[in-house]
Amino acid sequence: MAIVKSLEHLCSLGALTDEGKLSDPVGVQISHLPLEPLFAKAMLMSPSFKCSEEMLAAVAMLSVNRSFLLHRINLKRQIQGYVQGIGLELLSCEEDYSSFRRCLAASFFLIAACKQPDGTFRALASGQTVSIHPSLL
């Protein structure tokens, strides 16, 4: 089941073709970034929203335990090197955070949830009731 879910996840991100091969260019580019596929897709989408600098910072923060600030800075530099290596332009949305939010919504759609009237959250993709991990509160 885990393998099937992973393949579905990659298909949803546009990383695989219907035949299960890497798509070109998305799947190939995702495979060159040492990130979780969801974060790699976010980095790939960010230049079109003119927020790759902001997404780079967000992905670096989400990829490392929050108590390791120095590691975040090093990781950000490493990711930046990979991103530039596959030819993505590093752009900033400056003060236009609506562009950054649109990019987040477009790339993190697989893990999006909606707050219910009773205070719980329901995953949009699966309809499953989910909760925020206590360490993130």
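1. **Ground rules.** This is a predicted model, in which local features need pLDDT of at least 70 and side-chain atom pairs count only at pLDDT 80 or more, while totals for chains, interfaces and linings use all residues. Residues are numbered from 1 along each chain as its sequence is written, and side-chain values use heavy atoms, with hydrogens and water left out. Helices (H or I, at least four residues) and strands (E, at least two) are DSSP runs, numbered from the N terminus.

2. **Helix H3 and its burial.** Eight of its nine residues are buried, so H3 is largely enclosed by the rest of the structure. Here buried means under 20% relative accessible area, exposed means over 50%, and partly exposed lies in between (1.4 Å probe, protein chains only). The buried residues of H3 are Leu38, Phe39, Ala40, Lys41, Ala42, Met43, Leu44 and Met45.

3. **H3 against H4.** Two packed helices are described by the angle between their axes and the distance between the axes. Axes are lines fitted to C-alpha atoms, for helices over the stretch in contact, and angles run from 0 to 180 degrees between N-to-C directions. Phe39, Ala42 and Met43 of H3 meet Ser52, Met55, Leu56, Val59, Leu62 and Ser63 of H4, where contact means heavy atoms within 4.5 Å. By class, this contact has seven nonpolar, two polar and no charged residues. Ala, Val, Leu, Ile, Met, Phe, Trp, Tyr, Cys and Pro count as nonpolar, Asp, Glu, Lys and Arg as charged, and the others, Gly among them, as polar.

4. **H3 against H6.** H3 also packs on H6 (residues 97–107), with axes that come within 9 Å and cross at roughly 140 degrees. The two are therefore oblique to each other, and H3 passes H6 in a right-handed crossing.

5. **The loop between H3 and H4.** Ser46 sits in this loop and is buried, with a relative accessible area of 0%. Leaving aside its neighbours within four places in sequence, Ser46 touches Cys51, Ser52, Met55 and Cys103. Lys50 lies in the loop too, but is exposed at 52% relative accessible area.

6. **Backbone points to check.** Most residues other than glycine have a negative phi, and most peptide bonds are trans. Lys50 has a positive phi, near 55 degrees. Glu94, in the loop between H5 (69–85) and H6, also has a positive phi, near 55 degrees, and counts as exposed at 54% relative accessibility. The peptide bond from Asp24 to Pro25 is cis, with omega near 15 degrees; Pro25 is in the loop between H1 (2–12) and H2 (26–32).

7. **The sheet.** Three strands form an open antiparallel sheet in the order S1-S2-S3. S1 (113–115) and S3 (129–130) stand at the edges with a single partner strand each, so one side of each has no neighbour in the sheet. Two bridges join S2 (residues 121–123) to S3, and two strands pair if DSSP finds at least two bridges between them. Arg122 stands opposite Thr129 in S3.

8. **Two residues of S1.** Cys114 is in S1 and is partly exposed, at 39% relative accessible area. Beyond its neighbours within four places in sequence, Cys114 contacts Thr120, Phe121, Arg122 and Leu124. Lys115, also in S1, counts as exposed at 56%. With neighbours within four places in sequence again left aside, Lys115 is in contact with Thr120 and Phe121.

Technical notes:
Angles under 35 degrees count as roughly parallel, over 145 as roughly antiparallel, 65 to 115 as roughly perpendicular and the rest as oblique. A crossing is left-handed if the near helix is turned anticlockwise from the far one by less than a right angle, and right-handed if clockwise.
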